[in-house]
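This report covers loop residues, a nonpolar core and a helix pair. The sequence and structure come first.

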Amino acid sequence: HGRSTSLVRDPEAPPLAPQHSRLVVSPTAATEDIPNNVATKEQLKLLPPDFLSGDELRPLQHIDDKGQVLHYSLTPMVFSVVFILSVELLERFSFYGINYTQTSFLTGVYNDDWNADMTAIAASSYVSICIAIAYTSPFVGAFLADSFLGEY
């Protein structure tokens with residue numbers, strides 16, 4: 001509303017970590033020189049040292065109200081996408097690996113002494129029910145989460 005704000009050191013705050021300052025919003029200092037959305041290494045040079053971690057992979061730093069020092073990447077989506085794709089790959093690998101062999105195990109193809117002693121039709125029905133539950137349970141979980149736990 002017409003006044004500029006920036007982050008400056010709180011002189012009354014005790015030191016939280018070596019070479020780090022507790023930061024508060026001050027309505028008197030100017031913020032024209034400090035970028036809001038840092039996404040390049042050139043913009044890192046414009047930040048005060050309190051916001052820099054010194055880590056090449058996660059160069060941005062934030063100190064929360066509890067004194068925890070948190071480090072952030074310039075491109076956090078890259079790490080998120082790699083993690084999500086890796087988890088999905090492993091999930092699909094395990095699902096299809098178990099799904100392919102489940103009917104054979106239940107009917108006793110692998111070992112006559114160690115099986116569920118089901119007929120082929122019963123084993124196929126059981127496997128189909130398991131697949132149906134695996135594919136519909138995310139919808140039930142989403143409904144419960146949105147209804148009772150909030151929007152996630």
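Pro48 sits in the loop that runs between α1 (41–44) and β3 (60–63); helices (H or I, at least four residues) and strands (E, at least two) are DSSP runs numbered from the N terminus. The model is predicted, so local features need pLDDT of at least 70 and side-chain atom pairs count only at pLDDT 80 or more, while totals for chains, interfaces and linings use all residues. Residues are numbered from 1 along each chain as its sequence is written, and side-chain values use heavy atoms, with hydrogens and water left out.

**Loop residues**

Asn36 belongs to the loop between β2 (23–26) and α1, and Asp117 to the loop between α2 and α3. Asp117 has a positive phi of about 55 degrees, although this residue is not a glycine.

| Residue | Relative accessible area | Class |
|---|---|---|
| Pro48 | 24% | partly exposed |
| Asn36 | 80% | exposed |
| Asp117 | 68% | exposed |

Asn36 and Leu47 are 11 residues apart in sequence, and their C-alpha atoms are 9.8 Å apart.

**Nonpolar core**

Val38, Leu44, Leu47, Phe51, Leu60 and Leu74 make up the largest nonpolar core, that is, a set of buried Ala, Val, Leu, Ile, Met, Phe, Trp, Tyr and Cys residues joined through side-chain atoms within 4.5 Å. Leaving aside residues up to four places away in sequence, Leu47 touches Ile34, Pro35, Val38, Leu52 and Leu60; contact means heavy atoms within 4.5 Å.

**Helix pair**

Helix α2 (residues 76–107) packs with helix α3 (residues 120–149) at an angle of about 160 degrees, and their axes are 8 Å apart. Axes are lines fitted to C-alpha atoms, for helices over the stretch in contact, and angles run from 0 to 180 degrees between N-to-C directions. The angle makes α2 roughly antiparallel to α3; angles under 35 degrees count as roughly parallel, over 145 as roughly antiparallel, 65 to 115 as roughly perpendicular and the rest as oblique.

On the α2 side, the residues that meet α3 include Phe95, Tyr96 and Leu106, and their counterparts in α3 include Tyr126, Val127 and Ile131. By class, this contact has 11 nonpolar, five polar and one charged residues; Ala, Val, Leu, Ile, Met, Phe, Trp, Tyr, Cys and Pro count as nonpolar, Asp, Glu, Lys and Arg as charged, and the others, Gly among them, as polar.

Methods
Buried means under 20% relative accessible area, exposed over 50%, partly exposed in between (1.4 Å probe, protein chains only).
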